[in-house]
Amino acid sequence: RRRRSPRTALACPLAMSAPSEDLPRPIDVFEAARTAGVVAGRVPLAAFERVRPSMPVLRGDLVYRFEGLTDARGRAAARLHYEATVPLTCDRCGTVVDVPLHGQASYYFVRSESELARIPVDDSDEEPLLGSARFDLMELLEDELILALPLSPRHPDCEPPGLPVVPDEAAAQPERPHPFASLAGFKGRRQ
């Protein structure tokens with residue numbers, strides 16, 4: 001499981017429920033959990049500064065839905081759903097490959113860094129995050145997008161362009177006699 005740093009920025013109310021093309025604004029995650037608030041939207045992929053260098057062309061959007069909730073343990077929590085088609089460079093042929101990404105993640109929020117530090121790292125589906133009244137949702141979206149990117153993007157069926165066809169060396173060579181074949185005749189004479 002991964003740990004995240006605190007997210008801080010300017011505060012804003014949780015009022016958005018229909019997808020918006022505005023960049024996500026900081027939210028109060030504790031209020032979102034208490035009221036079951038939902039923030040949904042669409043962010044141009046070019047707005048993600050850490051992802052931009054990986055994209056050969058700047059096109060496409062990330063569509064997301066952030067749902068505040070209180071989990072079974074009574075903690076402030078949230079679920080994030082997202083999807084995007086990210087243009088990347090194919091490692092085989094060097095051309096653009098559109099990589100569809102979609103995912104979801106669950107989080108619960110703590111109020112202090114010391115509380116976060118006391119949580120043992122485990123394989124739980126829920127990730128603890130440092131909550132805030134000014135939680136940077138844009139940074140969370142970018143983190144999830146980066147974690148979802150493939151290490152080696154490739155088209156399903158492509159070959160590197162311009163590689164010469166190398167014939168199988170064994171098929172190209174005439175068959176030569178085995179170097180020890182002549183010794184087989186000595187085996188019969190020694191008896």
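## Ground rules

Local features are described where pLDDT is at least 70, side-chain atom pairs count only at pLDDT 80 or more, and totals for chains, interfaces and linings use all residues of this predicted model. Residues are numbered from 1 along each chain as its sequence is written, and side-chain values use heavy atoms, leaving out hydrogens and water.

Helices (H or I, at least four residues) and strands (E, at least two) are DSSP runs, numbered from the N terminus.

## The sheet

Let's start with the strands. Five of them make an open sheet, running S1-S2-S3-S4-S5, with mixed pairing; two strands pair if DSSP finds at least two bridges between them. Strands S1 (38-44) and S5 (126-130) sit at the edges with a single partner strand each, so one side of each has no neighbour in the sheet. On average, neighbouring strands are turned by 30° against each other, direction ignored (the axes are lines fitted to C-alpha atoms, for helices over the stretch in contact, and angles run from 0 to 180 degrees between N-to-C directions).

Now look at one pair. Strand S4 (residues 96-110) runs parallel to S5, and five bridges link the two. Across from glutamate 127 in S5 you'll find tyrosine 107.

## Two nonpolar cores

A nonpolar core here is a set of buried Ala, Val, Leu, Ile, Met, Phe, Trp, Tyr and Cys residues joined through side-chain atoms within 4.5 Å. Buried means under 20% relative accessible area, exposed over 50%, and partly exposed in between (1.4 Å probe, protein chains only). In soluble globular proteins, nonpolar side chains tend to be buried together.

The largest core has 37 residues, and Phe48, Leu62, Tyr64, Phe66, Val86 and Phe109 have the most contacts inside it. At least two residues each come from H1, S1, strand S2 (61-70), strand S3 (76-89), S4 and H3. S3 is the top contributor, with seven residues. A second, separate core has seven residues, including Tyr108, Val110, Ile119 and Leu130.

## Helix H3

The buried residues of H3 include Leu137, Met138, Leu140, Leu141 and Leu145, along with Glu142, Asp143 and Glu144. These buried residues pack against S1, S2, S3, S4 and S5.

At the start of H3, a side-chain oxygen of aspartate 136 comes within 3.1 Å of the backbone nitrogen of methionine 138.

Alanine 36 is in the loop between helix H1 (29-35) and S1. Its phi is near 55°, a positive value in a residue other than glycine. With 48% relative accessibility, alanine 36 is partly exposed.

Serine 114 belongs to helix H2 (residues 113-118) and is partly exposed at 43%. Its side chain makes a polar contact of 3.2 Å with that of serine 112. A polar contact is a pair of N or O atoms within 3.5 Å; within protein, one must be able to donate a hydrogen and the other to accept it, and residues adjacent in sequence count only if both atoms are side-chain atoms.

Is serine 132 buried or exposed? At 12% relative accessibility, serine 132 counts as buried. Serine 132 lies in the loop between S5 and helix H3 (137-148), and a polar atom of its side chain is 2.8 Å from the backbone nitrogen of arginine 134.

How values were computed:
Contact = heavy atoms within 4.5 Å.
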